[in-house]
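Me: I have a structure open and have not looked at it before. Can you walk me through a few parts of it?
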Amino acid sequence: MDDEAAPARRRSDRARAVPLLAIAALGVSALIFDLTDPLRLPGDGDYAEAAAALRVQAGPRDAVQVWPSWADRARMFVRSLPVRVEEDLRAADYPGVDRLWLLALPRVPLAKLSGARAALRQRGAVAGEELRFGALSLQPWDLRGPRVLSFLTDPLEEHEVDYVPRQCVQVRIGRPADPGRLQARGQGGVLHVRAGVVGERAYQVARGPVRIEVQVDGAPVATLNVPPTVPPAPGWRRLDAAVPAGERAFAFLVSARDPDRPFCLSAWTTAP
Amino acid sequence: MSRRLPLALGALTFAALFATQSGVGFVRDEGYYFEAARSYEQWVLLLLRAPAAALRDTGRYWSANFEHPGLAKLLFALSHLVFTTWLRWLPDALAFRLPAFAFGALLTYWLAVLGAQRSRAAAVFGPALFWGAEGTFFHGHLACLDIPICALTAGVGVAWARAIGILDPSPSPPSPPSSSSPPKKKLFFFRPRTWELPPPAVRNGVLLGFLFGSGLAVKHNAWLLPPVLLVHALLLPAALRGRALRTLPWLLVGPAVLFVAWPLLWHDPVRHLGDWVSFHTHHVHYAWYYLGRELRGPPFPIFYPLVLLALVLPVTQVALFAAAGAKLLWDFAHRSLSPLRLLELGLAGAAILPFMIRTTPIFGGIKHWLAFIALLAPEAGHLLDRAAGLASHVGLPRARALAIAAAAALLPGWWQIAHVHPYGTSAYGELAGGIPGAASLGIQRQYWSNNVTAVLPWLNAHAPRGARVFFHEVNPESYRAYQQAGMLRADIQYAAGPWDAQYAALQWHREFRDREPETWNAFGTKTPATGLYLDETPQIVVYARPGLPGAP
């Protein structure tokens, strides 16, 4: 009887070690993850090499997009071209950018670099050769977007809308009887207007919408309503409209019942 | 029970907090509490000099930070009065923080007392598991209210257990853990002599009332304790229930302690109590970044506090605390929970459940429900001890099994502390993918502005004399505290915004993203001069106007 019971008893004894083994395995796994952390992160040297490569290879109509979008320590090193931190690479505008350099940290947890690349492909961008600088990946993407004819707002000024810095200019919101007004001259084509409320006031739903009336050569051609942001709906609103070719006078009349909000507007035209 | 081990562990906690405090920035709330403590210190000095005037003018001195009772801040004030104003032994901030370290030590002491009811190893593991994560260790350093109320919750638990006779005053030396399960279908399995149920000692009742009152006088969380103790009493078997119900009235001492420890109530108490209640019933909901969305108001995700704990703590602690909670619930469901473990379960539940009702403000990371994991810690320590004990049955020497258990459970947390301290609000555990993983998940990057300490030396070295610096989320109170502590040059001025500043030290918060482009536009540069990047994630980003020292 004893001989028959012995194997079962040994299995039972071994099973008693399982809780400690489980804790030890968890602890070792955690330590491996923790201690290998530096291997997943770029150093200053990696950034310096990437920045040098960009200085040599990038052109005047290029920009850098960091990925993950929070990884903008790159700003300290990349000074030769604009650094963008867009979160939705499929929908982002990148006006005036022919080639986008995706500067990524592929090894950091949850980086989802493949998702970023897929988003660029979905918008028709074509990938170039990927370069590696330690824990950094640098890959050029030909965006194949339409040619910009005129920037109607200053692309150097930026404000935050939807928690992303946007190339837009701040415009006063006026009351409906006395709207804020932004005027510019530029070439007709496809007019792109983007606008949103800056900061947390975008999310105050009691404030009501902001209305933008777009006039070309004094005639209204379109309106864009920017309602309070209720996620997941975007706060950065879009309007695209065809405008006859040739030099045009554009005016954007911005009004709301509640004008006490910082408001930001971006406009440019592209070839049809 | 010998108190030597809990006392030694408490002293060790105090020493560890004291030794690691210097880099911990002054969080926003500390700024307010420092100011309040200064005001209270003036009142104490007046009380010593002219008692009648002090009694008459309580409102003038105690109105500062009226939204929280006065005890913790009074202790900060007394510590400052003694160690800085009179003895000149300690710098201001360290003197204010000293009582906080003492509360941390008390928490360790009480957790060790609870753990010691199971075994000597559990007495060590319990507090070690609680403190062995940057998310908790960081809070132990602050002259704030979160660790004090956490400690007093545990203290009230211990005092209640002692008063109703469920805390064995001298547990036997640790017996070798047995593989057998606790007795099933039986509510109690502690030492028979506690069945004798001597009448509650007056001193135990007084201590219970005093600690409960101290809790009330620290933070409003303590108002949840009487219902927990009442339910605990009602769930006890008849013999104990009567004694517990007879002990409950000692809690009436609590409001008296609150009144004495909060001189603001000495005149017009109804109005001040009303202001206190009103502040918290109408508390603003700060924006809080959670799994990719900003939470701005109710309803909040029901499992928010549990998910956040899972993401913040090292994974081994997460597993052990989860196992402890599950074991307590399992034994409760099977009526095999001892009265003491039932009490721990009740106190832990009461610490976290208010944050799962979907309307309670949820900002501030895990600090508001620290008592949840604290009260699970003795059980978690016990499970760790049992795992080692079971393994010793297969030939592994018990000491070695304990060492393996301790190393596996604690080393990831110690690494986290070594890696992230003193930037405790930025710490995330392995389940989140560390700090970068949390950033990608869309979790609050940091809060309270204390990480700014990382860039103060740079500002001191580069900013010209009288430079104006926009400190963003650092409030004027904390800014002054940095100057008084010598961490920031006295000539550096506090700017109201980027337009008004030569330098800007921005704290990365999702809800404050507008500040960085605002700085770019004002300064005419998008290149940071320096910054604090933890595992690549931006925490503090410093900009300098072009041409100024340090500008890129």
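Reply: Start with a crossing of two helices: α2(A) passes α18(B) in a left-handed crossing. Keep in mind throughout that this is a predicted model.

Me: At what angle do the axes of α2(A) and α18(B) cross?
Reply: The axes cross at roughly 120 degrees and come within 7 Å. The helix in chain A covers residues 18-35.

Me: So what do you call that, parallel or oblique?
Reply: Oblique. Angles from 65 to 115 degrees count as roughly perpendicular and those over 145 as roughly antiparallel, so α2(A) and α18(B) are oblique to each other.

Me: Which residues in α2(A) and α18(B) meet?
Reply: From α2(A) there are A:P19, A:L20 and A:I23. In α18(B) they meet B:L384, B:A387, B:A388, B:L390 and B:A391.

Me: What classes are in that contact of α2(A) with α18(B)?
Reply: Eight nonpolar residues, with no polar and no charged ones.

Me: OK, zoom out. How many residues of chain B are in contact with chain A?
Reply: 48 residues of chain B are in contact, and they face 41 residues of chain A. On the chain B side, the elements that give two or more residues are α16 (315-333), α18 (370-391), α19 (398-420), α20 (434-441), α23 (515-523) and β7 (537-544).

Me: Which of those gives the most?
Reply: α19(B), with nine residues.

Me: And by class, what is on the side of chain B that touches chain A?
Reply: That side has 27 nonpolar, 10 polar and 11 charged residues.

Me: Switching to chain A by itself. How many helices and strands are there in chain A?
Reply: Five helices and 17 strands.

Me: What does the C-alpha trace of chain A span?
Reply: About 100 × 50 × 30 Å along its principal axes. The radius of gyration of chain A is 26 Å, whereas a compact globule of 272 residues would have one near 19 Å.

Me: What share of chain A is buried?
Reply: Buried residues make up 40% of the 272 residues in chain A. As for contacts in chain A between residues at least 6 apart in sequence, 72% of them join residues at least 24 apart.

Me: Where is B:P422?
Reply: B:P422 is in the loop between α19 and α20 of chain B.

Me: What is phi of A:Y94?
Reply: Near 45 degrees, which is positive in a residue other than glycine. A:Y94 is in the loop between β2 and β3 (99-104) of chain A.

Me: Is A:Y94 buried or exposed, and why?
Reply: A:Y94 counts as buried because it has 20 C-beta neighbours inside 10 Å. The cut-off for buried is 20 or more.

Me: What about B:H472, where does that one lie?
Reply: In the loop between β3 (468-470) and α22 (476-484) of chain B. B:H472 has a positive phi of about 60 degrees and is not a glycine. With 24 C-beta neighbours inside 10 Å, B:H472 counts as buried.

Me: New topic. Which helix is B:A310 in?
Reply: Helix α15 of chain B, residues 304-312. B:A310 is partly exposed, with 18 other C-beta atoms within 10 Å.

Me: What does B:A310 touch?
Reply: Leaving out residues up to four places away in sequence, B:A310 touches B:V318 and B:L431. B:F321 is 11 residues from B:A310 in sequence, and their C-alpha atoms are 9.7 Å apart.

Me: Last one: how do α6(B) and α7(B) cross, left-handed or right-handed?
Reply: Their crossing is right-handed. The axes of α6(B) (residues 92-116) and α7(B) (residues 120-131) come within 7 Å and cross at roughly 140 degrees. α6(B) and α7(B) are therefore oblique to each other.

Me: Which residues meet there, and of what class?
Reply: Among them are B:L111 and B:L114 in α6(B), and B:F125 and B:F130 in α7(B). By class, that contact has nine nonpolar, three polar and one charged residues.

Conventions. Residues numbered from 1 in each chain as written. Chains lettered and ligands numbered in written order. Predicted model: local features only at pLDDT ≥ 70, side-chain atom pairs only at ≥ 80, totals over all residues. Contact = placed C-beta atoms within 7 Å. Helix = DSSP H or I, 4+ residues; strand = E, 2+ residues; numbered from the N terminus. Nonpolar A, V, L, I, M, F, W, Y, C, P; charged D, E, K, R; others polar. Axes fitted to C-alpha atoms, helices over the stretch in contact; angles between N-to-C directions. Parallel < 35°, antiparallel > 145°, perpendicular 65-115°, else oblique. Left-handed = near helix turned anticlockwise from the far one by under 90°. Rg over C-alpha atoms; globule rule 2.2 N^0.38 Å. Buried ≥ 20, exposed ≤ 12 C-beta atoms within 10 Å, placed from the backbone.
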